[in-house]
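Me: I am new to this structure and would like a close look at a single part of the surface. Please set out the overall fold before turning to that part.

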Amino acid sequence: MYVTTNKLSELTGYTPEAIRNKVKKGVWHKTIHYIKAPDGRLMMNVEMINKWIEGK
């Protein structure tokens, strides 16, 4: 399931700024942890981010 950065913030407790920084710094990888929708919006992969949080 993909969600917006604001929804991911609600689910994880990371601020939207922290989420964008993880993307910008390459901590989270395109096509694994997030994709860009056709309109340019970041859509976050909740399942893969949860795995990252769990250290998997």
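Reply:
**From the fold to a surface patch**

Read along the sequence, the chain follows the pattern β-α-α-β-β-α, with 3 helices and 3 strands in the chain; helices (H or I, at least four residues) and strands (E, at least two) are DSSP runs, numbered from the N terminus. The radius of gyration, taken over C-alpha atoms, is 10 Å, close to the 10 Å that the globule rule (2.2 Å times the number of residues to the power 0.38) gives for 56 residues, so the chain is as compact as a globular protein of that length. This is a predicted model, in which local features need pLDDT of at least 70 and side-chain atom pairs count only at pLDDT 80 or more, while totals for chains, interfaces and linings use all residues. Residues are numbered from 1 along each chain as its sequence is written, and side-chain values use heavy atoms, with hydrogens and water left out.

The part to look at is a nonpolar surface patch of about 230 Å², made by Val27, Trp52 and Ile53. Ile53 lies in helix H3, which spans residues 46-53. Because its relative accessibility is 42%, Ile53 counts as partly exposed, a class between buried (under 20% relative accessible area) and exposed (over 50%).

Technical notes: Patches are made of residues with over 30% relative accessible area and no salt bridge: like charges are joined within 9 Å, nonpolar side chains (Val, Leu, Ile, Met, Phe, Trp, Tyr) within 5 Å. Accessible areas come from the Shrake-Rupley method with a 1.4 Å probe; for residues, only the protein chains shown count as cover. A salt bridge is a side-chain nitrogen of Lys or Arg within 4 Å of a carboxyl oxygen of Asp or Glu. Buried means under 20% relative accessible area, exposed over 50%, partly exposed in between (1.4 Å probe, protein chains only).
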